[in-house]
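Here is a short briefing to read alongside the model. Take a look at the structure first, and then we can start with its aromatic rings.

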Amino acid sequence: MLDAPAQVSLQSRQAIKRFHWLKEAKPMLKKRCAILAAFWLAALAPAAVAQFEFPTPLEDVRRVVKPTICYAGGDSVWLVDWDGQNNRLWIPRQGDSVWFGGPPSWSPDGKRAAAVAFTPQDGQYNLVILDLETGDAPNYRTKFFPHLSFTGPQWSPDGKWIACDGGPLASNLDVYKMNVETGEATNLTNAPMNHDANPTWSPDGKNLAFKSRRKNLDGKWQHDIYVMDADGTNEIRLTDHPAQDGGPRWSPDGKTIAFESYDRSEPAGKNLYLMDPDGSNIRQLTFDPHWEVSPSWSPDGKWILYSAGETGEGVDLYHGGAWNIYRIHVETKEVVQITHGDPGGLGQEWVFSGGSGRFPLGFIPWGRLKAATATDEARF
């Protein structure tokens, strides 16, 4: 078992991992020591069980009829209507044995969800595929790749692949592509000196955008957005700026990429930006004094969900800071707060209805209307 100081909340662990650009030397040294300790404990520990049991009613997602948001809070998974109403716990943290890192990512047919479960006993991030019809939840790490940890899963538009960032413990991340049926995982970036993460599919499934930390011409580490073919070839840099860019997300129509950037704005902060798929026409989307991260497009392309953390004296964003979920209208810039603390929220995804394989009424996934008779109540 990790000692008490190392057992920080999963939300804090993910925040530290996700925003690795924090430059304070002592916290980084402590983090690396904790990771190395977890690595050796994992190597000596017995293999974890290959199945997870989700103590949650699957009907909560099978019967979704309104636009619904799934998010992480308090190391658990929550559901909330898109207007902020009906906030409810869906997948609770399982004591000290299983914590959940971020919301599940829904398959395009709404029948399965990919979740990240952290097991502090071995310090591993487990990729679990939850079948929303049967309740089966195989742990893909112990089943197919026990030596790797994966986070940030994103389904391909055809539902056959999952892109995620991962690798062995105590190493930099790479972008992987995993075959959902066979569990075969392919390292697409395979760059040990870089830090590649946050992959997102283009709507046609032909490309992946991701962030990467690499040295610029001056020998300084720089975080930029890249795009590559789905097989890892033809890599192109989209941003080239001393600011630290990350979290790219493709719009449903494929015409825009949203991303987060630290220190592009005045005063310095972390805001959301939009750009064309070739990296041109970069424009700022949010101007709030909070830190905005993790953009996620609504299926009709009109809204972007994001997490925002309060800043100011005495606020520690990475150890219990006040994060909440918001949405912003891309055209009008209208901002709506979704969660209001307890448990707040960090990371968010749109829910696709399970069971029947149909999308909630009014959803327009990948720019194609799936329900022609949407009610006014269910529309965005």
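The count of aromatic pairs comes to eleven, where rings of Phe, Tyr and Trp (its six-membered ring) pair if their centres lie within 6.5 Å. Please keep in mind that this is a predicted model, in which local features need pLDDT of at least 70, side-chain atom pairs count only at pLDDT 80 or more, and totals for chains, interfaces and linings use all residues. Residues are numbered from 1 along each chain as its sequence is written, and side-chain values use heavy atoms, with hydrogens and water left out.

**Aromatic rings and charges**

- One aromatic cluster is formed by Phe-145, Phe-150 and Tyr-176.
- Lys-177 has its charged end over the ring of Trp-161, 4.3 Å from the ring's centre; a charge sits over a ring if NZ of Lys or CZ of Arg is within 6 Å of the ring centre and within 35 degrees of the ring normal.
- Trp-303 has Arg-327 over its face, at 4.3 Å from the ring centre.

**The chain as a whole**

- You will find four helices and 24 strands in the protein chain; helices (H or I, at least four residues) and strands (E, at least two) are DSSP runs, numbered from the N terminus.
- Of the 380 residues in the protein chain, 55% are buried, meaning under 20% relative accessible area with a 1.4 Å probe, protein chains only.
- The protein chain has an accessible surface of about 16,700 Å² (Shrake-Rupley method, 1.4 Å probe), and carbon and sulfur atoms account for 52% of that surface.
- Among contacts (heavy atoms within 4.5 Å) with a separation of 6 or more, 46% are between residues 24 or more positions apart.

**A four-stranded sheet**

- An open sheet with antiparallel pairing is formed by four strands in the order β16-β17-β18-β19; two strands pair if DSSP finds at least two bridges between them.
- Strands β16 and β19 (283-284) are at the edges with a single partner strand each, so one side of each has no neighbour in the sheet.
- Strand β16 (residues 244-250) is largely enclosed by the rest of the structure, because seven of its seven residues are buried.
- Five bridges link β16 to β17 (residues 257-262) in the antiparallel sense, and Trp-250 stands opposite Ile-257 in β17.
- The hairpin of β16 and β17 has six residues between the strands, and Gly-254 in the turn has a positive phi of about 75 degrees.
- Strand β18 (residues 270-275) runs antiparallel to β19 and is joined to β19 by two bridges, with Tyr-273 opposite Gln-284 in β19.

Terms used:
Buried means under 20% relative accessible area, exposed over 50%, partly exposed in between (1.4 Å probe, protein chains only). Rings of Phe, Tyr and Trp (its six-membered ring) pair if their centres lie within 6.5 Å; planes under 30 degrees apart count as stacked, over 60 as edge-to-face and the rest as tilted.
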